[in-house]
Amino acid sequence: MQDLHVSCSLGPFCFSFGFGFHSWHLCLSSMRIFNMLQVPPYERPALSKGFLLPEAPARLPSFHTCVGANEERLTLKWYKEHGIELVLNTRVKSADVRRKTLITAMGETISYKILIIATGARALKLEEFGVEGSNAENVCYLRDLNDATRLVEVMQSRMGGNAVVIGGGYIGMECAASLVINGLKVTMVFPEAHCMARLFTPKIAEFYESYYEAKGVRFVKGNVLTSFENDSEGKVKGVILKDGTRLPADLVVVGIGIRPNTELFGGQLTLEKGGIKVNARMQTPSNASVYAIGDVATFPVKLFGSNRRLEHVDSARRSSRHAVSAILSPDKTGEFDYLPFFYSRVFALSWQFYGDNVGEVVHFGDFAGGRFGAYWVDNGRLVGSFYEGGNREEYAAIAEATRVRPEVVDLDELGRLGLEFAFRFARKDLEDPLPPPEVVVPVTASQGGDTSSSIVVAGRPVYGWHASAGVLVAASIAGLAYWYGWRRRRW
Ligand SMILES: NC(=O)c1ccc[n+]([C@@H]2O[C@H](COP(=O)([O-])OP(=O)(O)OC[C@H]3O[C@@H](n4cnc5c(N)ncnc54)[C@H](O)[C@@H]3O)[C@@H](O)[C@H]2O)c1
Ligand SMILES: O=C1O[C@H]([C@@H](O)CO)C(O)=C1O
């Protein structure tokens, strides 16, 4: 009998948002995972960073889950050894949450007791904005492994050529850096007044734009693409912008946002902010057997007192861990208390952001020297912190300060203090800038067997997975390696 199902039917990557992720491993002999991937789940951050590098690029199996936690890579062998049936290349074409059934594209009907929706999101296509022709051979999106593989091929065949990047968000910024590193001439086009408009202040954006310009990137702001100009073979050779400008293009990369894959559950579950609404246990309010995690889930962020859908790998890791806790240890699992966290690494730069970017902004630090930050203060309290060029202690300090939400009376003083302000709240245990999971699930029996006693869950505080293998020491070394590798990691 199948007890637990993880549905990852649309958008191959979604699964990496869900299960077997980070430092928690759930191994139910009666668990099945459905997904359209051709390979076991992996973590996405590498795709827009290390995967695109011309030298020693990141390749599977190096970024299978749970690479982000410096944990064991979950390969096919791993799933097999842990009694998890991983059903690849399989699309779930319909779901009936009232009857607790799924139907696959092959016509198989699956019954479940608990369903975890980790269907993630898909890249928005230009066609949705009325621009036709983005299926040309040299127009690339970047969401999954196939996209990234194709981008590498196209990029390598256009060395020295012109690349146009549409969108000034995460994909735009990270891909533009990779294109430059691969020797292409890059122009970025986006509608806003500055890059990373969802998060950066104009002053922060100015730093990154100047840095990119020094690397040869050209910015075309406040403009959008309206059509492609194709050659006789259908390849794009130019992009036409709204103001009539023509940009020559040997390659176009499009990163204009994502859309959560909720269609399977339309009319059955409540949607909010584009995602599936869940409570603080990652459980849908209308159906206690259904959980949603990662990019597709809209959950209560306690710290802000509102529901959010957060598009980031950290939220995916932690929400999945929390859902697993809530399923396996309902009595011991409290409310998900997540501190939103975002990061990016481009060229030699690296930034982290915690909290919310609302209210008044106070910048601090050395912008010219590339070690600077910003605090956001709303209703007299610190609600968000950003820092570029920090070390582990500095990032941990801004994270902790943001979690504490201290009162701020004097904004000028806050700016003068800069990082020193955050260090007042720094924790002594710097193992992780973020709080530990609320619940430690005891390790029970392991693989094989049946039903609920065949559950193995290891949380970071217990490191039960490693303990069960008698390698606690190895876990400590891994933790140390993780810390040392943090700045050097390429995904
Ligand atoms: N480091 C990271 O956290 C990281 C890295 C890569 C991707 N991601 C995630 O991947 C997803 C996709 O990233 P993304 O960069 O596509 O989304 P995004 O939302 O970060 O940025 C979208 C950008 O496209 C612009 N845009 C929208 N419509 C446009 C149009 N018609 N023409 C031109 N520009 C347009 C927006 O104004 C914005 O600049 C996001 O969820 C993002 O969080 C995150
Ligand atoms: O940190 C990241 O989060 C996203 C993705 O995993 C969630 O949308 C991504 O591509 C990153 O690099």
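Val 87 is buried, because its relative accessible area is 14% (buried means under 20%, exposed over 50%, partly exposed in between, with a 1.4 Å probe and protein chains only). The model is predicted, so local features need pLDDT of at least 70 and side-chain atom pairs count only at pLDDT 80 or more, while totals for chains, interfaces and linings use all residues. Residues are numbered from 1 along each chain as its sequence is written, ligands are numbered from 1 and chains lettered from A in the order in which they are written, and side-chain values use heavy atoms, with hydrogens and water left out.

Val 87 belongs to strand E3, residues 84–87 (strands are DSSP runs of E, at least two residues, numbered from the N terminus). Its C-alpha atom is separated by 9.3 Å from that of Pro 40, which is 47 residues apart from Val 87 along the chain.

The account now turns to ligand 2. Polar contacts are pairs of N or O atoms within 3.5 Å. A side-chain N or O atom of Lys 49 is 3.0 Å from an oxygen atom of ligand 2. For His 312, a side-chain N or O atom is likewise 3.0 Å from an oxygen atom of the ligand. Val 313 takes part through a backbone N or O atom, 3.0 Å from an oxygen atom of ligand 2. On its own, ligand 2 has 310 Å² of accessible area, and the protein covers 90% of this (Shrake-Rupley method, 1.4 Å probe).

Terms used: Polar contact = N/O pair within 3.5 Å; in protein donor to acceptor, adjacent residues only side chain to side chain. Helix = DSSP H or I, 4+ residues; strand = E, 2+ residues; numbered from the N terminus.
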